Amino acid sequence: MNSHTISHVHAYTDGACKGNPGPGGWGVLLQAGSSRKELFGGEAQTTNNRMELTAAIMALEALRKPCDVQLFTDSQYVLKGMTEWLPGWKARGWKTADRKPVKNVDLWMRLEKALARHKVTWVWVRGHNGDPGNEAADALANRGVDSVLSAA
């Protein structure tokens, strides 16, 4: 978003995977006032959870200045990770409650770093339920999958 000072941003994020693991994609719709920006990408061999995390990371990393962000996700994994599980994981040295290594720790650390620049409010939305922002992010995530499949 490259206009002047933008303070309030709505970020709709989604991940998609054809097979889990398999080819995957992530999608982001950023909205600030009348500005809209669409982002998407993919990976040849990944998981749905990795794509959901990547979407949230890419949304926050795309913002050049600190913003007040409402981040919409249909992923309970991302939402609970950020709002419930993260402090315990860090306190245990990135281990789960049963002392196993946290999966996707590279992405959780990157997301935490991206969060430090912004004030983020996490909002869960039910996927595939008609929310226009979530539907747009889902379509972008599927474009990300298609971009990987067409390159193969």
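These legends accompany close-up views of a predicted model. Residues are numbered from 1 along each chain as its sequence is written, and side-chain values use heavy atoms, with hydrogens and water left out.

**View 1. Helix H2 meets helix H3.** The axes (lines fitted to C-alpha atoms over the stretch in contact, with angles from 0 to 180 degrees between N-to-C directions) of H2 (residues 76-91) and H3 (residues 105-115) come within 12 Å and cross at roughly 95°. That makes H2 roughly perpendicular to H3 (65 to 115 degrees). Contact (heavy atoms within 4.5 Å) involves, among others, Tyr 77, Met 82 and Trp 89 of H2 and Trp 108 and Leu 111 of H3.

**View 2. Trp 85 and Trp 89 in helix H2.** These two rings form a tilted aromatic pair, 5.8 Å centre to centre with 50° between the planes (pairs have ring centres within 6.5 Å; tilted lies between stacked, under 30 degrees, and edge-to-face, over 60). Being 4 residues apart in H2, Trp 85 and Trp 89 are separated by about one helical turn. Trp 85 is partly exposed at 33% relative accessible area, while Trp 89 is buried at 7% (buried is under 20%, exposed over 50%, partly exposed in between, with a 1.4 Å probe and protein chains only).

**View 3. Thr 46 in strand S3.** Here you can find Thr 46 in S3 (residues 35-46). Thr 46 is buried, with a relative accessible area of 3%. Not counting residues up to four places away in sequence, Thr 46 touches residues including Cys 17, Pro 21 and Met 51.

Definitions and conventions
This is a predicted model: local features need pLDDT of at least 70, side-chain atom pairs count only at pLDDT 80 or more; totals for chains, interfaces and linings use all residues. Helices (H or I, at least four residues) and strands (E, at least two) are DSSP runs, numbered from the N terminus. Angles under 35 degrees count as roughly parallel, over 145 as roughly antiparallel, 65 to 115 as roughly perpendicular and the rest as oblique. Rings of Phe, Tyr and Trp (its six-membered ring) pair if their centres lie within 6.5 Å; planes under 30 degrees apart count as stacked, over 60 as edge-to-face and the rest as tilted.
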